[in-house]
Amino acid sequence: MMVTEVDVDAVVVGAGMGGIYAVHALNDAGFSVQGLEAGSGVGGVWFHNRYPGARVDVESLYYCFYFSPDLFREWTWTERYAAQPEIRAYLDWIAERTGVKERFRFNTKMIAAQWVPEQDHYRVTTSDGDTIICRYVVLMTGQLSAPRELPFKGLETFKGAWHQTAHWPEGDVDLSGRVGVIGTGSTGVQVVTAVAPRAEQLYVFQRTANYSVPAHNGPFDQDRFDEISSDVPKAYGRILTDRSGSLFPDPPGATTDFDPAERQAILEERWALGGQCMNRVFTDQGTEPTANAVVSEFVRSKIRGIVVDQEVAERLIPTEYPIGTRRLCVDTGYYQQFNRESVTLVDVKADPIDRIVEDGIVTQSGHHYQLDLLIFAIGFDAFTGALDAIDIRNEDGEQPSDRWSKGPRTFLGLMASGFPNLFIPTGPGSPSVLANMIQLNTFQADYVVQLIKHMKANGLTRVEPTEIGLDDWAAEVAAASGKLLRLNVQNYMVHVSDDGTRTFMPYAGGFGRFVELSNEAADAGYPGLSFR
């Protein structure tokens, strides 16, 4: 194919919710923009993650755009927690209504970007051989989009079908036979719940038990929708001050503020409300072990009450870590599936998977599980996976994560050291996976547009973090996570350096506080950034 060069102000990578809004916001501000998307349509993770049971774990009412009151009012969700087909349809509708689709090149990856310091621009190479010259690169590739590589021996010998949840095929997949699901994190919990009623036999291969709480999903609350629709900007203002960006009820106080009977009543109330609210029952559950134990044991008791076979229940109960120190799962009937005779829980911590064979899985003890279908729900290469998948180079030939041997260092989770004009919204140092991602994407895309407008107004062509700016924000991130129990629990949010130093990668001070600090930086002329 003939190589062509296209000059635009910005290239936006990814057509998920962040990419859709970033292209819209840049275009609306008068900048020329080219979107690139590897898939054949918009949706991002909601395009690729179409596995059975895929569903949002943030209420639909808050998992949507607020930038246009008219568009907000026109779309009515059908469920409290929307399923993947509805979310994908919504994002497609938004992209169509805003004219964003025509600014994306689909089935096209950005495979490389080289910073050219003499001209203060990037030379972007696409998978179809084209070159795009742009002043700015905005990576809306997300923090949970690059799936982990499958580590299992013998997969190539398996005669049945197998699928990874992050690359689920279009069309029907036969779930009626003997199915094995590997992984019981937030994705695995959803897959198991959807597959169990359909499979002849389901084997759930669990390495680590996870806390899961009910969504209490149901029809969309029209009354709440009408209330927000009456003043959408006011509701968005409230979202920007909320700790999670989802308007969860605030905790009523610390565990020590209540006697045992009062604590139990509060726990039951939050359980009945469902979802991520169990992460915010009491103000001290994330920092005080005794407070956390109250919430952890409450959820464990609920599991024992749901699962009939108490031996199975005990294996499903997390005991190795406190609740909320790993990602909390939200389900629509997960534990109930283990009351089916056709569902078997396999503890692969006690008896690890040795290899995959022609007709199933063999564990180290020699136990052979015969399978027709294998489903891998083993998670993502978080934070750096999508970033490292693109060959982005600065003038010294470095990649962004090359300087992160002791943990990521960014300015507001938005820019990395040594990479001018490169934006990585929702990156390490932002609230990232701790916040409502659609609202964080919206806020940070607006922040990028505001910054670029500031540069244009002042005749500037280059921006990058200063070392002082990086140090100051790293200190802010560390201070916000310093007392968290989750800092000392192994999970994908914690970076462990070779010397044992532990860095909690997201900003844990809350979405509202992050918005406040970001706006303060903008109002002060962006201290921590260097312009020219």
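A residue counts as buried when its relative accessible area is under 20%, as exposed when it is over 50%, and as partly exposed in between (1.4 Å probe, protein chains only). By that rule N421, at 0% relative accessibility, is buried. The model is predicted, so local features need pLDDT of at least 70 and side-chain atom pairs count only at pLDDT 80 or more, while totals for chains, interfaces and linings use all residues. Residues are numbered from 1 along each chain as its sequence is written, and side-chain values use heavy atoms, with hydrogens and water left out.

- Helices (H or I, at least four residues) and strands (E, at least two) are DSSP runs, numbered from the N terminus.
- Strand β4 covers residues 110-116; five of its seven residues are buried, so the strand is largely enclosed by the rest of the structure.
- Two strands pair if DSSP finds at least two bridges between them.
- Strands of a sheet pair through backbone hydrogen bonds, either parallel or antiparallel.
- β4 pairs with strand β5 (residues 121-126) in the antiparallel sense, over six bridges, and Q114 has R123 in β5 as its bridge partner.
- The two strands β4 and β5 make a hairpin with four residues between them, and D120 in the turn has a positive phi of about 50°.
- With strand β17 (residues 391-393), β4 runs parallel and is joined by three bridges; A112 has D391 as its bridge partner there.

**Residue A113**

- A113 is located in β4 and is buried, at 3% relative accessibility.
- Contact means heavy atoms within 4.5 Å.
- Apart from neighbours within four places in sequence, A113 is in contact with Y122, R123, V124, D391, I392 and R393.
- The C-alpha atoms of A113 and V137 are separated by 8.6 Å, and these two residues are 24 residues apart along the chain.

**The sheet β13-β14-β15**

- Three strands, in the order β13-β14-β15, form an open sheet with antiparallel pairing.
- β13 (353-357) and β15 (368-370) stand at the edges with a single partner strand each, so one side of each has no neighbour in the sheet.
- From one strand to the next, the twist averages 20°, an angle between N-to-C directions of axes that are lines fitted to C-alpha atoms (for helices over the stretch in contact), on a range from 0 to 180 degrees.
- Four bridges join β13 to the antiparallel strand β14 (residues 360-363), where T363 stands opposite I353.

**The second largest pocket**

- A pocket is an open set of points on a 1 Å grid over the protein atoms alone, where a 1.4 Å probe fits, with protein on both sides within 12 Å along at least five of seven lines; lining residues have an atom within 4 Å of a point.
- The second largest pocket holds about 270 Å³ of space.
- Its lining has 16 residues, and R50, Y51, P52, W168 and G171 lie nearest the centre.

**Other residues**

- S481 lies in helix α13 (residues 467-481) and is buried, with a relative accessible area of 3%.
- Apart from neighbours within four places in sequence, S481 is in contact with L487, F504 and A508.
- H216 is found in the loop between β10 (212-214) and α6 (222-229); its phi is near 50°, a positive value in a residue other than glycine.
- H216 is partly exposed, with a relative accessible area of 37%.
- N421 is found in the loop between β19 (415-416) and β20 (422-423), and its phi is near 60°, also positive in a residue other than glycine.

How values were computed. Points joined across faces, edges and corners; volume = space filled by probe spheres on them.
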